[in-house]
Amino acid sequence: MADKQYTIGEKWAADLENIKNGAHVDTAVPQCERCVHKVKGDALHCGKYASEMKPQDVLFAQKECPRFESADPLKISLSTDLEKKVYGGIFGFVIGDMLGVPVEFSARAERDKDPVRELRAYGTYRQPFGAWSDDSSLMLCLIDAFNSGFDIETLKQNMISYYTDGAFTPQGKMFDIGISTADAIRRMIQGVPAAECGGNGERDNGNGSLMRILPLAFISPYISRNDLVTLVTAVSSMTHRHMRSVLACYFYTVFAESLFLGRSLKDAYDAAINAVNHECDHCFDLEKSAYRDVLYKKVVTLDRRRIRSTGYVVDTLEAVLWALFNTSSYEDAVLAAVNLGGDTDTIAALTGGLAGIYYGFDQLPDHWVQTVLQKKKIADMTGYFADYVQHLKKSA
């Protein structure tokens, strides 16, 4: 016998009865509550679906509504190339993160069968539309540290606040954090010096420091290479001290810096390779073999089947470069990253950061920008940070 297909009213009635009996019910909320076309008291229709019911995948929050328009739109006017690249990088990162959150840990075979072509919600962490993860939270911790007058202690306190109080999260509550990062923050709370909190064994090479390093790319043009190596090492070491992780952070920072300075993807790649090979006084020599496909530029021409989209820092960097070089727009880049499966939020965030700098804020799909939770707070933080970067530029 086929399963009975309950009406929406019957499902709601069953949910209410279960709640009365003590059950906890996760309710999937569509984008309607934040949409300008919402019709109060009519969940099945809206101003854009006057003569038809909303599509089922929209009604049940399985996919974003193609007719969504924010009732509280973010309006940003950017006049300089510096602003467009800073906003592009930061928002590009956050959007990539939120695209990846609902399908994190999904297998590539699942993504091939059901590729992500739009924003989704719920899924892995039962988070609503526009939610972003620890990747963006910890990256924002770093931005705020610069906005507050940078020192490692400020960054340390920001990371502790994230872990203990839900600061820098989309809804005031932490819902995701890597094991190594959590262990490191607990050491910070115990009073261990910040730069000594990260693990330094070979197995301590997840992508937890790479995922938050992007803001340093906007600072690096205005400091010496020696100071940059010191800064990247210190920031990475707060959670990941092994030089393999530091190398990935340094490579990514120089690559992003080059895009920020207006260079092509190819030239940015060459600059990052040169920085690792010649600008670090051999500090990365023991780890270069782990990055053979990156440093010899083989990764960009590898077949997709050979790209491993795991949380291992080498795999993550390879996946990001592959997605960036095998697409030609911001949207295509982040979707290519998400559809690799695996550590989708981090890989899409890191891809989105680079693609957002390269293509600029104006090329980010506006319907994704408008869906970002806490978008106005992020815009304010980014604005202060862009002013800080502009000040560094003038002082350099």
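Between which two helices does the loop that holds leucine 119 lie? The points below take up this residue after a view of the whole chain.

1. Overall form. The model is predicted. The chain contains 17 helices and zero strands. Its radius of gyration is 22 Å, which agrees with the value near 21 Å that a compact globule of 396 residues would have. Along the principal axes, the C-alpha trace extends over about 70 × 45 × 45 Å.

2. Burial and contacts. Of the 396 residues, 53% count as buried. Where contacts join residues at least 6 apart in sequence, 73% of them link residues at least 24 apart.

3. Surface and charge. The chain has an accessible surface of about 17,600 Å², and carbon and sulfur atoms account for 49% of that area. There are 43 positive and 51 negative side chains, and the centres of these two sets are 3 Å apart.

4. Leucine 119. To answer the opening question, this residue is in the loop between helix H4 (108-113) and helix H5 (134-147). Leucine 119 counts as buried because its relative accessibility is 0%, and buried means under 20%. Setting aside residues up to four places away in sequence, leucine 119 touches Lys63, Glu64, Met98, Leu99, Phe129, Gly130, Trp368 and Thr371. Histidine 367 is 248 residues away from leucine 119 in sequence, yet the two C-alpha atoms are 9.4 Å apart in space.

5. Lysine 156. This residue belongs to helix H6 (residues 152-165). Lysine 156 is buried but forms no salt bridge. The nearest side chain of opposite charge is that of glutamate 153, at 4.2 Å, whereas a salt bridge requires the nitrogen and a carboxyl oxygen to be within 4 Å. Beyond its neighbours within four places in sequence, lysine 156 is in contact with Met188, Val192, Ala194 and Met238.

6. Most residues other than glycine have a negative phi. Alanine 61, which is not a glycine, has a positive phi of about 60 degrees. Phenylalanine 105 likewise has a positive phi, near 75 degrees.

7. Setting of these two residues. Is alanine 61 buried or exposed? Alanine 61 is buried, with a relative accessible area of 3%, and it lies in the loop between helix H2 (56-59) and helix H3 (81-100). Phenylalanine 105 is in the loop between H3 and H4. Phenylalanine 105 counts as exposed because its relative accessibility is 58%, and exposed means over 50%.

Note on methods. Residues are numbered from 1 along each chain as its sequence is written. This is a predicted model: local features need pLDDT of at least 70, side-chain atom pairs count only at pLDDT 80 or more; totals for chains, interfaces and linings use all residues. Side-chain values use heavy atoms; hydrogens and water are left out. Helices (H or I, at least four residues) and strands (E, at least two) are DSSP runs, numbered from the N terminus. The radius of gyration is taken over C-alpha atoms; the globule rule is 2.2 Å times the number of residues to the power 0.38. Buried means under 20% relative accessible area, exposed over 50%, partly exposed in between (1.4 Å probe, protein chains only). Contact means heavy atoms within 4.5 Å. Accessible areas come from the Shrake-Rupley method with a 1.4 Å probe; for residues, only the protein chains shown count as cover. Lys and Arg count as positive and Asp and Glu as negative; His and the chain ends are not counted. The place of a charge is taken as NZ of Lys, CZ of Arg, CG of Asp or CD of Glu.
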